[in-house]
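This report describes the fold, the nonpolar cores and some side-chain pairs of one protein. The sequence and the structure come next.

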Amino acid sequence: MSNAVSGLPVGRGLLCLIVAGAAWGTAGAAASLVYRASDLGPVALSFWRCAAGLLLLLAARSTRRRTRAAAPRGPVRRGPVRALVTGIGLAVFQTAYFAAVRSTGLAVATVVTLGAGPVLIALGARCVLGERLGRGGAVAVAGALAGLGVLVLGGGGATVRPAGVLLALLSAAGYSVMTLLTRRWGRDGGADAGSTSVGAFAVTSLVLLPFALAEGLVPHTAEPVRLLWLLGYVAAVPTALAYGLYFAGAAVVRSATVSVIMLLEPVGAAVLAVALLGERLTPATLGGTLLLLGSVTGLAVAEARGARARGRTVAVRARPAEGGAAAARSQRAVR
């Protein structure tokens, strides 16, 4: 079940993605609390999220280097290019999504962004990476998208505006490019989750800085301590931790599976909205959540089984080669 390039088992990669999706689901509730406590705008919040997350990642990497010997480094020639492309994709993903929410509302923006993502990624993975989704995978994706629609739109009252839909599609495109390239680099070798996260956050922070300055970089608040705690949480859990796990898992798990597992984000957001923000648990929320969780579970189990089958196939193919090499060595010894 191990990935030959990164050494991370596929099962552990799936766990990384599940934790990342759950952590991403807490970002919306935390952002709502930030907006209540200050006048910070969405672009400025994204900037502080990435900039503070970058500092946390750098501190964590520095601590690890002091406590253990440095591991041999792989090829780094394409490191700056990877950081630039991933950072731009992350900036487009986040900023276009926030703009879509402002334009057409949270429900429509979420459905279009997270719904278009798996479709774009499945098409890109088939055309660029040669990854086949399969009939079972297609059914799981369809079920997950249906659950997403029921979960987010079940309450009604959604307003669809063409400009907002286009922004949401742009956000989905940024997310898709980021996911596909992470998977391709993981297959090609040399992709390190920590380095990818650091580079991406650095580029994203630089891209967002001028827009955050125009929006208002320094917030005004009557509760500075509470605001700092909230910003620290946003930077640590749904950013530094979640994206580090996401890049690690996305490098070893099929791209279409990654996109579906990440639909756990609205499930986590819905649970927090009911538990912490006082929203009611409606039949649509419950039904959409169960449908999404069922689809994600089915696809994750299928991914793990496929990885085990591929591992057994590789082992069987390697045995004759090993046996032939041993026989050749013994013949040379006799001679």
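The expected span of a helix is 1.5 Å times one less than its number of residues. Helices here are DSSP runs of H or I of at least four residues, strands are runs of E of at least two, and both are numbered from the N terminus. At 1.5 Å a residue, the 27 residues of α8 should span 39 Å, and the 36 Å between its end C-alpha atoms agrees with this. Helix α8 also has a kink of about 35°, centred on A242; the bend at a residue is the angle between axes fitted to the seven residues ending there and the seven starting there.

The model is predicted: local features need pLDDT of at least 70, side-chain atom pairs count only at pLDDT 80 or more, and totals for chains, interfaces and linings use all residues. Residues are numbered from 1 along each chain as its sequence is written, and side-chain values use heavy atoms, with hydrogens and water left out.

**Fold**

The protein has 11 helices and 0 strands. Of its 335 residues, 44% count as buried; buried means under 20% relative accessible area, exposed means over 50%, and partly exposed lies in between (1.4 Å probe, protein chains only). A contact is a pair of residues with heavy atoms within 4.5 Å. Among contacts between residues at least 6 apart in sequence, 89% join residues at least 24 apart.

**Cores**

A nonpolar core is a set of buried Ala, Val, Leu, Ile, Met, Phe, Trp, Tyr and Cys residues joined through side-chain atoms within 4.5 Å. The largest one holds 35 residues, of which M178, Y243, Y246 and M262 touch the most other members. Elements giving two or more residues to this core include α1 (10-37), α2 (42-67), α6 (162-188) and α8 (224-250). The largest share, 7 residues, comes from α8. A second, separate core of 15 residues includes V34, V43, L45 and L230.

Y243 touches, among others, W24, R49, F93, M178 and F201, with residues up to four places away in sequence not counted. In helix α7 lies S205, which is buried with a relative accessible area of 8%. Leaving aside neighbours within four places in sequence, S205 is in contact with F47, C50 and A51.

**Aromatic pairs**

There are 8 aromatic pairs in the structure. Rings of Phe, Tyr and Trp (its six-membered ring) pair if their centres lie within 6.5 Å; planes under 30 degrees apart count as stacked, over 60 as edge-to-face and the rest as tilted. Two of the pairs are listed here.

| Pair | Centre distance | Plane angle | Class |
|---|---|---|---|
| F47 and W48 | 5.2 Å | 65° | edge-to-face |
| Y243 and Y246 | 6.3 Å | 80° | edge-to-face |

F47 is buried at 9% relative accessible area, whereas W48 is partly exposed at 32%. Y243 and Y246 are both buried. They are 3 residues apart in helix α8, so about one helical turn separates them. Ring pairs link W24, F201, Y243, Y246 and F247 into a cluster.

**Salt bridge**

The structure has 1 salt bridge, defined as a side-chain nitrogen of Lys or Arg within 4 Å of a carboxyl oxygen of Asp or Glu. R226 forms this salt bridge with E223, and their closest N and O atoms are 3.3 Å apart. R226 is partly exposed, with a relative accessible area of 35%, and E223 is partly exposed, at 36%.
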